[in-house]
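Welcome, and thanks for taking a look at this one with us. Please keep the viewer open beside the text while you read.

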Amino acid sequence: MSRWSSYLLGWTAFLLYSSETSGDKDSCVFPFIYKGSTYFSCIKANSLSPWCATRAVYDGNWKYCTKEDYPRCIFPFNYHGKSYNSCITEGSWLGKPWCSVTSSFDEKQQWKYCETNEYGGNSFSKPCIFPSVYRNNVVTECIDNENYLWCPTTENMDKDGKWSICADTRISAMVFGPPCHFPFNYKNKNYFNCTTKGSEEKILWCATSYNYDRDHTWVYC
């Protein structure tokens with residue numbers, strides 16, 4: 001075998017290995033089903049590094065998780081029978097703050113460590129700047145984008161267009177009182193807050209289980 005043939009064979013093997021070990025480049029899908037279990041966050045099953053499926057039912061398509069891939073914290077959440085409206089250190093090894101990614105840790109036991117600083121976005125993870133101008137309005141808190149909460153990182157978002165994903169420790173409960181289950185799925189879409197979708201009177205409501213289309217249990221917010 002010539003030197004060129006050996007080089008080509010080695011390079012081909014490297015590309016195949018990279019493809020097999022890097023997973024799919026699509027976005028994470030939460031929740032996803034893997035080997036019969038439902039996961040609302042990145043997992044380490046059969047892997048040293050956290051990963052997620054890129055399809056609702058794992059079919060071999062996946063990716064390693066980055067900070068931006070993790071789901072948002074869900075507040076309030078139940079832990080050992082008590083409701084929490086922000087990241088906590090109770091039960092955490094070394095006291096690192098964490099949160100549940102569903103309304104009930106006791107039920108699903110799905111969680112993540114909380115980010116204590118802004119991250120992602122297009123401003124190199126700069127901190128939030130409030131107040132800021134966004135769509136000709138003054139904003140003073142993080143903005144809901146369904147999958148995450150983000151914030152402007154300059155005094156004029158309309159002019160500069162710079163933003164970051166809000167630190168989990170900056171966020172507290174946005175909904176109080178009713179036994180909502182967040183996220184909940186309604187007509188194949190995940191909701192992380194109360195919604196008026198489907199309400200003829202445009203009144204905020206939420207599901208009390210993950211799958212509204214199956215269980216049809218809900219309350220007004």
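Phe124 counts as exposed, because its relative accessibility of 80% is over the 50% cut-off. Please bear in mind that the model is a predicted one. The chain has 221 residues, of which 40% count as buried, and its secondary structure comes to four helices and 17 strands.

**The chain as a whole**

- If we take the contacts between residues at least 6 apart in sequence, 48% of them join residues at least 24 apart.

**Positive phi angles**

- Most residues other than glycine have a negative phi.
- Phe124, the exposed residue we began with, has a positive phi near 60 degrees.
- You will find Phe124 in the loop between S8 and S9.
- Leu94 also has a positive phi, with a value near 70 degrees.
- Leu94 sits in the loop between strand S6 (82-84) and strand S7 (98-100).
- Is Leu94 buried or exposed? Leu94 counts as exposed, because its relative accessibility is 71% and the cut-off is over 50%.

**Cis peptide bonds**

- Most peptide bonds are trans.
- The bond between Phe75 and Pro76 is cis, with an omega of about -5 degrees.
- Pro76 belongs to the loop that runs between strand S4 (62-64) and strand S5 (77-79).
- A cis bond is also found from Phe130 to Pro131, where omega is near -5 degrees.
- Pro131 lies in the loop between S8 and strand S9 (132-134), and Phe124 is likewise placed in the loop between S8 and S9.

**The largest pocket**

- The volume of the largest pocket is about 650 Å³.
- Its lining is made of 32 residues, and those closest to the centre are Cys28, Val29, Phe30, Asn147 and Asn190.
- Which strands each give at least two residues to this lining? They are strand S1 (32-34), strand S13 (163-165) and strand S15 (189-191).
- By class, the lining of the largest pocket has 18 nonpolar, six polar and eight charged residues.

**The second largest pocket**

- The second largest pocket holds about 410 Å³ of space.
- It has 15 lining residues, and Ser41, Cys42, Tyr70, Trp111 and Lys112 are the ones nearest its centre.
- Strand S8 (residues 111-113) makes the largest contribution to this lining, with three residues.
- The lining of the second largest pocket divides into seven nonpolar, three polar and five charged residues.

**Enclosed cavities**

- How many cavities of 30 Å³ or more does a search of the whole structure find? The search finds two.
- The second largest cavity contains about 40 Å³ of space.
- Phe30, Phe40, Pro71, Arg72, Val101, Pro183, Asn190 and Phe192 line this second largest cavity.
- In that lining, six residues are nonpolar, one is polar and one is charged.

- Thr153 is placed in the loop between strand S12 (149-152) and helix H3 (157-160).
- Thr153 counts as buried, because its relative accessible area of 9% is under the 20% cut-off.
- The side chains of Thr153 and Ser123 form a polar contact of 3.4 Å.
- Beyond its neighbours within four places in sequence, Thr153 touches Ser123, Lys126, Pro127, Ile129, Lys162, Trp163 and Ser164.

- Ile143 is part of strand S11 (residues 143-144).
- Why does Ile143 count as buried? Its relative accessible area is 16%, and buried means under 20%, so Ile143 falls in that class.
- Apart from its neighbours within four places in sequence, Ile143 makes contact with Tyr134, Tyr148, Leu149 and Trp150.
- Ile143 and Cys166 are 23 residues apart along the chain, and 8.8 Å separates their C-alpha atoms.

Notes. Residues are numbered from 1 along each chain as its sequence is written. Side-chain values use heavy atoms; hydrogens and water are left out. On a 1 Å grid over the protein atoms alone, a cavity is a set of points where a 1.4 Å probe fits but cannot get out, and a pocket is an open set with protein on both sides within 12 Å along at least five of seven lines; lining residues have an atom within 4 Å of a point. Grid points are joined across faces, edges and corners, and a volume is the space filled by probe spheres set on the points. Ala, Val, Leu, Ile, Met, Phe, Trp, Tyr, Cys and Pro count as nonpolar, Asp, Glu, Lys and Arg as charged, and the others, Gly among them, as polar. Buried means under 20% relative accessible area, exposed over 50%, partly exposed in between (1.4 Å probe, protein chains only). A polar contact is a pair of N or O atoms within 3.5 Å; within protein, one must be able to donate a hydrogen and the other to accept it, and residues adjacent in sequence count only if both atoms are side-chain atoms. Contact means heavy atoms within 4.5 Å.
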